[in-house]
Amino acid sequence: MSSGTSAFKRVEITVEIFYDQPDQSISLVTDDGRMTDENGQRPGFRVTFNANPKSADYNPANFNRLARLLRAEGRPAPAEVPVKQRQLNRRSTVIAELTGEQVRPTGQPADTTLLGWAICPTCTAVVVNLAKHKGVSAAC
Ligand SMILES: [Zn+2]
């Protein structure tokens, strides 16, 4: 069944909500045959919301929203979680706040010293042996 205004069309589908306790995720799932992959196969879809900030599915507000619905319907449901920012460029801060773990911010260069490498202060090259680099590079 579909209806809608002139600007927006609406299609109704039936979704089920699944709480995956081991994974601490909640999924919206439909097997609606009108929705398929690019080959006309695999009917339905699944959207997963997770409270783990390390997950690509991290979405605490929608996780809580679905948890409240599950609980209201008398189903097993997780406790609500703090709602933090989802932006990937803020994710390392959120992970540190929630887990205490320090992770490198997304999009930042790797710490070369962890690999035993060095950065030449003159030419900024990443080198295995800075002394040898300076010895063979006349400019450095
Ligand atoms: Zn150099």
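Predicted model: local features only at pLDDT ≥ 70, side-chain atom pairs only at ≥ 80, totals over all residues.
Visitor: How do β3 and β4 run, parallel or antiparallel?
Guide: Antiparallel. Five bridges join β3 (residues 16-20) to β4 (residues 25-30). Strands are DSSP runs of E, at least two residues, numbered from the N terminus. Two strands pair if DSSP finds at least two bridges between them.

Visitor: Which residue partners Tyr 19?
Guide: Ile 26, in β4.

Visitor: And what sits between those strands?
Guide: Four residues separate the strands of this hairpin, and Gln 24 takes a positive phi near 50 degrees.

Visitor: Which residue of β5 stands opposite Thr 30?
Guide: Phe 45. β4 and β5 (residues 45-50) pair over six bridges, in the antiparallel sense.

Visitor: New topic. Which residues make up the largest nonpolar core?
Guide: Six: Ile 26, Phe 49, Ala 51, Phe 63, Leu 66 and Ala 67. Helix α1 (residues 60-72) gives the largest share, three residues. A helix is a DSSP run of H or I, at least four residues. A core here is a set of buried Ala, Val, Leu, Ile, Met, Phe, Trp, Tyr and Cys residues joined through C-beta atoms within 7 Å. Buried means 20 or more other C-beta atoms within 10 Å of the residue's own, placed from the backbone.

Visitor: What about domains?
Guide: Domain 1 is 2-107 and domain 2 is 109-140, with bounds from an automatic or database assignment. Their centres, taken over C-alpha atoms, are 44 Å apart.

Note on methods: Residues numbered from 1 in each chain as written. Buried ≥ 20, exposed ≤ 12 C-beta atoms within 10 Å, placed from the backbone.
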